[in-house]
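Student: I would like to learn how to read aromatic pairs in a protein model. Could you walk me through it?

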Amino acid sequence: MTYSQSAEYKHALAQFCQQGQPEYFLTLAFHIGRPVDIYWAEKRLHHFAARIDYKLLGCNWATKPTEQRTQFIAIPEGQFASNHGVRGLHYHASFKSAPGKRSPMGYQALSGLIDSAWKHCVPSGDINFQPMKTAEDQMRAAAYMCKRLQECESIGIEHFVLEPRSTYSGGRADSISRR
């Protein structure tokens, strides 16, 4: 891919990251101390979204229409150390909490819920959670998410994580309850 092609790709992806009118910018880190298997990490992000939706939407969260569920696009960053292992793996995500949630939730409560869900999925991990109040905030966050895409060794689009998926393939909807 040429430099101009990768710049166009980066710009298009930044626009895509803004289309859903995200409310928050997240950085989700693993801190495992060894290269992280990229496929395991993707499963952790899907489980993270499921835990959040369970808390916000209740035990029937998986049956809700996708537009009522938590939405995010997460872009991985790190250096490949082996076939599937990534050193320093973390994700940047534009995030919108479930519009169909049972009751309104303020920033502090949502921040606590998100932190708790990530700690459950990745006990060694941490999360940075920042509100995006303006279109300019969204534009800056999207540009930051895409900052490494022009590098040859960047992690490919096949490892981006989009939520919600059209169907939940992680098991029964109640399998993530209260664990």
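Predicted model: local features only at pLDDT ≥ 70, side-chain atom pairs only at ≥ 80, totals over all residues.

Student: Is Phe-72 buried or exposed, then?

Tutor: Phe-72 has a relative accessible area of 5%, so Phe-72 is buried. Phe-95 is buried too, at 0% relative accessibility.

Student: How many aromatic pairs are there?

Tutor: The count is 11 aromatic pairs. Rings pair if their centres lie within 6.5 Å, and planes under 30 degrees apart count as stacked. For Phe-72 and Phe-95, the ring centres are 6.2 Å apart and the planes meet at 20°, so this pair is stacked.

Student: Which parts does the pair of Phe-72 and Phe-95 tie together?

Tutor: Phe-72 sits in strand 3 (residues 71–80) and Phe-95 in strand 4 (residues 85–96), so the pair links parts 23 residues apart in sequence.

Student: What about the rings of Tyr-107 and Phe-129?

Tutor: Their centres are 5.4 Å apart with planes at 20°, so Tyr-107 and Phe-129 are stacked. Tyr-107 belongs to helix 3 (residues 107–121) and Phe-129 to strand 5 (residues 126–131), so this pair ties together parts 22 residues apart in sequence.

Student: Are Tyr-107 and Phe-129 buried or partly exposed?

Tutor: Tyr-107 is partly exposed, with a relative accessible area of 33%, whereas Phe-129 is buried at 8%.

Student: Which residues form one aromatic cluster?

Tutor: Among them are Phe-72, Phe-95, Tyr-107 and Phe-129, along with Trp-40 and Trp-118.

Notes: Residues numbered from 1 in each chain as written. Heavy atoms only, no water. Phe/Tyr/Trp six-rings, centres within 6.5 Å; stacked < 30°, edge-to-face > 60°. Helix = DSSP H or I, 4+ residues; strand = E, 2+ residues; numbered from the N terminus. Buried < 20%, exposed > 50% of the residue type's maximum accessible area, 1.4 Å probe, protein only.
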